[in-house]
Amino acid sequence: MMDATITAQPLAEKLPRDSDGWLLCSYCGMRTELLDSSEDIYGKDYGPVYRCPIGCGWVGCHKDSAKRKPLGRIANLELRRAKQAAHVAFDALWKRKGYLLGGRRQHYREARRNGYRWLAGQLGISEDVCHIGMMSVEGCHRVIEVCKPYDRGWR
Ligand SMILES: [Zn+2]
């Protein structure tokens, strides 16, 4: 009998990189290619994207990142949808908290930081991998689950 706890993917993990620090595909392990424009993929340019050369998936880059820091691991359609849903659930929580703290930029920043700390505790993972971009589908589902009791249902 296989043990599901051993074969299951971790909820979140550091991005796989080669010895040069270049992003690898999380599915097949190949070196990703960096496209200057996401127009080919999205039909609109949202900036550079890392893409798996054999088509496992892709991921965008942080805005205004000169170093073209990827937003997370290479994601296929299922993971991209899970990440979007996790962001909808989680961002509503910390944004509301930021608003209640005073609604200024620093309040949102503080609320977001505290939110991720709380999330790491809820998921039982280390804070340095507690970013939705580093999560597996299972991790994203857990985010939605732990945020649910606080959902105001306004969306
Ligand atoms: Zn791949």
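Biologist: How do you know that the span of α4 agrees with its 19 residues?

Modeller: First, a caution: this is a predicted model, in which local features need pLDDT of at least 70 and side-chain atom pairs count only at pLDDT 80 or more, while totals for chains, interfaces and linings use all residues. Residues are numbered from 1 along each chain as its sequence is written. The expected span of a helix is 1.5 Å times one less than its number of residues. For α4 that gives 27 Å, and its end C-alpha atoms are 27 Å apart, so the two agree.

Biologist: What makes a stretch of the chain a helix or a strand?

Modeller: Both are DSSP runs, numbered from the N terminus: a helix is H or I over at least four residues, and a strand is E over at least two. By that rule the protein has five helices and three strands, in the order α-β-α-β-β-α-α-α along the sequence.

Biologist: Why is the protein called as compact as a globular protein of its length?

Modeller: The radius of gyration is taken over C-alpha atoms, and the globule rule is 2.2 Å times the number of residues to the power 0.38. For 155 residues the rule gives 15 Å; the radius of gyration is 17 Å, which is close, so the description holds.

Biologist: Which residues of α5 are called buried?

Modeller: A residue is buried if 20 or more other C-beta atoms lie within 10 Å of its own, exposed if 12 or fewer, and partly exposed in between; C-beta atoms are placed from the backbone. In α5 (residues 137–147), G139, C140, R142, V143 and C147 are buried.

Biologist: How do you know that they lie on the same side of α5?

Modeller: The arc is that of the directions from the helix axis to the C-beta atoms. Here it covers only 160°, which puts these residues on the same side. They pack against α3 (77–101) and α4 (105–123), where contact requires C-beta atoms, placed from the backbone, within 7 Å.

Biologist: What makes a group of residues a nonpolar core?

Modeller: The members are buried Ala, Val, Leu, Ile, Met, Phe, Trp, Tyr and Cys residues joined through C-beta atoms within 7 Å. The largest such core has 27 residues, of which I74, A86, F90, M135 and V143 touch the most other members. Its largest share, six residues, comes from α3.

Methods:
Contact = placed C-beta atoms within 7 Å.
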